[in-house]
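Here is a protein model to look at together, followed by some questions that are worked through step by step.

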Amino acid sequence: MRVSKRASVVAMTAAVALVAAGCSGGDDGDTTEAGGDTANGAITIEGTQPEVGLVPANTTETGGGKIIDFMWTGLVQYPNDGSAPVNAVADSIDTTDSKTYTIKIKPNTKFHDGTVVKSKNFVDAWNWAAYSPNGAQNGSFFSDIAGFTDVHTLDPDDDGPKKAPEPKAKTMSGLKVVDDTTFTVTLAEPFSIFPTKLGYSAYMPLPDVFFTQTADEFGKKPIGNGPVKFVSWQDNVELKLTRFDDYTLDDKVKIKDVTVKIYQEDTAAYNDLVSGTLDFQQQVPVSSLAGDKWKADLGDRAITANVPVQQIIAFPFYDKRFTNVNLRKAISLSINRQEIAEKIFFNSRKPATSWSSVLAPGHGENDCSVCKFDPAAAKAALQEAGGFTGELVLYYNADASHKDWMEATAQSIKTNLGINARAEGIPTFAVFRQTINDHKVKGLYRAGWQQDYPDVENWIGPLYVTGGSSNDGLFTNPDVDRLYKEGTAAASIDAAHAKFAEATKVIDAQVPTIPMFDVTQQSGTSDRVTGVKVSNVGEIDLASVELK
């Protein structure tokens, strides 16, 4: 799962700029006019240890993704209210055919090292990410662009002895620098949703200095182009950021310093929130939801937000025990999501009924047939699968509030199928994610998806298409791949959504994961801050924060 700001889909007509002018999220007044001593003030917010170094196209999880969203600004931004994306670094994004896009960027915006952001910084960054030997986790996001298949080859046996073929080229033919403020993007096929994607972090620019060092070196001392810049990073303790005073776009921050404190347990963060030593927690612990305790604790500091997030349980397809589709159906049908939502989440989350968020344009209502609770059908499917022998372990990261609901899920499977199921925590999210990325999970595992950009396509391509950036379980199905490709090649948004709906039907029949719960976020602030808003993916909007 990756964090990103959210937008509604871009409406399109021929020969017209696709993204509205302007920017979102911030106050363009002078920072010294904020309340209290905001201009010289500092806040502390909750975070988790990033999985890898802070390189935008190599970050697919929330710990690092949050920092990248703070430190970088893309071609477009997604307003907090869910309205259409607006230009940020982009001055205009134009097309007449949904296949070739001319992108003009604002002149003289800067990176944190003082260098000017130029069109080549986007083109070079995208080519670096797409070139498969570089190993960028978000490389597949560039598959729409002409020439991607020449720069990106797949390992034929994953961790086996075979190696991926050497790419034919190092740069994509579909990217052309016209001048310092103009570049063109030619897609392999028309794709009307392409401009909507351009606010996601995979598409961020990289400064020239990035290409003079390794990605690991850069990722430990990253240089972005956003409203705050990097100061320091102490592993498993904190990251420090500070205001970038040469930032010229509208979403300037008013405060000076931001400390992202890394917690091993969300309950410890919550205690700090209640006591006032933490200024923002994105999701309060499950234990605080009982009887609305969190509202009593926080009063007017409590924030509720609808976010495009879904909790998921994933299958490792590299484990042959889970290749039988009837077994996967049986497990999903055996889980009493409603009971778990009531007893564990106190109805703060809703049982999933779809393969996508209701907030995603193109979302299909009730399109998950295996999301229902049907013990009889579950037992029949298990019998059809030939049963399951041995222990079934469900893994989760133990540094957040997942223990109770994962144990309840395991118990539901055990009760209704007679499988010896149990839940097991892995101490930290970073170690948990590394195990997943190394394809070494020995059972089912907690996953989740937070929408990167606002379209149902984002709930299919990264998760269920062969080689998708977050297809961690290595699911593959030729019909899903074909229908997805036909959808991305569709000339209109409606036609694309129709193909994605067909792909979703195949996904539903194959059960590559188990959708569990749609999430409503419960956040909180300290009494030191005022005006705090959250983005539509629930991150704190730093531009909104002032001190009392």
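Q: In this predicted model, at what angle do helix H8 and helix H10 pack, and are they roughly parallel or antiparallel to each other?
A: Helix H8 covers residues 325–333 and helix H10 covers residues 375–385, and their axes lie 8 Å apart at an angle of about 160 degrees. Angles over 145 degrees count as roughly antiparallel. The two helices, H8 and H10, are therefore roughly antiparallel.

Q: Which residues of H8 meet H10, and how many residues of each class does the contact have?
A: On the side of H8, the residues that take part are Asn 326, Leu 327, Lys 329, Ala 330 and Leu 333, and among their partners in H10 are Pro 375, Leu 382 and Glu 384. Sorted by class, the contact of H8 with H10 comprises two charged residues, one polar residue and nine nonpolar residues.

Q: Are H14 and H15 roughly parallel or antiparallel to each other?
A: The axes of these two helices, H14 and H15, cross at roughly 170 degrees and come within 7 Å. Since angles over 145 degrees count as roughly antiparallel, H14 and H15 are therefore roughly antiparallel.

Q: Which residues of H14 make the contact with H15?
A: H15 contributes Ala 496, Lys 499, Phe 500, Glu 502, Ala 503, Val 506 and Ile 507 to the contact. By class, the residues of the contact of H14 with H15 divide into four charged, two polar and eight nonpolar. From H14 come Asp 479, Val 480, Leu 483, Tyr 484, Glu 486, Gly 487 and Thr 488.

Q: Is Thr 488 buried or exposed, and which backbone oxygen does its side chain reach?
A: Thr 488 is found in helix H14, which covers residues 478–488, and its contacts, leaving aside neighbours within four places in sequence, are with Asp 144, Pro 190, Phe 191 and Phe 500. Because buried means under 20% relative accessible area, Thr 488, with 11%, is buried. Its side chain reaches, at 2.9 Å, the backbone oxygen of Lys 485.

Q: Is Asn 108 buried or exposed?
A: Asn 108 lies in the loop between strand S6 and helix H2, and its phi is near 70 degrees, a positive value in a residue other than glycine. Its relative accessibility is 56%, and because exposed means over 50%, Asn 108 counts as exposed.

Q: Is Val 511 buried or exposed?
A: Val 511 has a positive phi of about 50 degrees, although it is not a glycine, and is found in the loop between helix H15 and strand S18. With a relative accessibility of 0%, Val 511 counts as buried.

Terms used
Residues are numbered from 1 along each chain as its sequence is written. This is a predicted model: local features need pLDDT of at least 70, side-chain atom pairs count only at pLDDT 80 or more; totals for chains, interfaces and linings use all residues. Side-chain values use heavy atoms; hydrogens and water are left out. Axes are lines fitted to C-alpha atoms, for helices over the stretch in contact, and angles run from 0 to 180 degrees between N-to-C directions. Helices (H or I, at least four residues) and strands (E, at least two) are DSSP runs, numbered from the N terminus. Angles under 35 degrees count as roughly parallel, over 145 as roughly antiparallel, 65 to 115 as roughly perpendicular and the rest as oblique. Contact means heavy atoms within 4.5 Å. Ala, Val, Leu, Ile, Met, Phe, Trp, Tyr, Cys and Pro count as nonpolar, Asp, Glu, Lys and Arg as charged, and the others, Gly among them, as polar. Buried means under 20% relative accessible area, exposed over 50%, partly exposed in between (1.4 Å probe, protein chains only). A polar contact is a pair of N or O atoms within 3.5 Å; within protein, one must be able to donate a hydrogen and the other to accept it, and residues adjacent in sequence count only if both atoms are side-chain atoms.
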